[in-house]
Amino acid sequence: MMIDYRWTDGRNEDFYKFYLKTEEYYSNIVGGLKNREAFVPYNISESISDVLIAYASDVAVGCAGLKAYSDSDVEIKRVWVDPEFRGNHISTYMMDALEAKALERGFKRAILQTRPQMSEAVHLYTKHGYEQIENYPPYDELDGAICFAKWLG
């Protein structure tokens, strides 16, 4: 299967479709939107500056993004591959590309937040050398969050 990867930003229409899909998915995992309302303001798609979208035959099948957190830290956001395309190493490629883009932009560390229930995501991140850290703001104030980090370069 041939996958084409394209860089864009958080205002991209395909990325916004993934945003809506992932919002629904995350809400279902934690038992409804009411159980994640506090997380929503920190995941607005337009605030994500660098977005990588994976396309199979010009159909968007995956996405991942970067959002500056500080001068030295960049936050990885919205790593997602449609279920029917999982197992094709798309997320692995996107993680590698995100890290390369972060280094190119001068960041020293990549950070991210997920939930323990998202076992596939936790597995992906730990497989890529991310280690669990103390929750960083705002996730240090939100129940159910776990945070990871990896030094780049």
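1. Contact here means heavy atoms within 4.5 Å. On that basis, S91, T92 and M95 in helix α2 meet L124, Y125 and K127 in helix α3. By class, the contact of α2 with α3 has three nonpolar, two polar and one charged residues. Note that this is a predicted model.

2. Next, the geometry of these helices. Helix α2 covers residues 90–104, and helix α3 covers residues 119–127. Their axes come within 11 Å and cross at roughly 50°. The two helices are therefore oblique to each other. The crossing of α2 and α3 is right-handed.

3. Now the aromatic rings. The structure holds six aromatic pairs. One of them joins Y125 and F148. Their ring centres lie 6.5 Å apart, with 50° between the planes, and the pair is tilted. Y125 sits in helix α3, while F148 belongs to strand β7 (residues 146–151). The two residues are 23 residues apart, and the pair links distant parts of the chain. Both Y125 and F148 are buried. Y125 is also among the α3 residues that meet α2.

4. A second pair is formed by Y136 and Y139. The ring centres are 5.5 Å apart and the planes stand at 90°, so this pair is edge-to-face. Planes over 60 degrees apart count that way.

5. Are Y136 and Y139 buried or exposed? Buried means under 20% relative accessible area. Y136 has 7%, so Y136 is buried. Y139 has 1%, so Y139 is buried too.

Notes
Residues numbered from 1 in each chain as written. Predicted model: local features only at pLDDT ≥ 70, side-chain atom pairs only at ≥ 80, totals over all residues. Heavy atoms only, no water. Axes fitted to C-alpha atoms, helices over the stretch in contact; angles between N-to-C directions. Helix = DSSP H or I, 4+ residues; strand = E, 2+ residues; numbered from the N terminus. Parallel < 35°, antiparallel > 145°, perpendicular 65-115°, else oblique. Left-handed = near helix turned anticlockwise from the far one by under 90°. Nonpolar A, V, L, I, M, F, W, Y, C, P; charged D, E, K, R; others polar. Phe/Tyr/Trp six-rings, centres within 6.5 Å; stacked < 30°, edge-to-face > 60°. Buried < 20%, exposed > 50% of the residue type's maximum accessible area, 1.4 Å probe, protein only.
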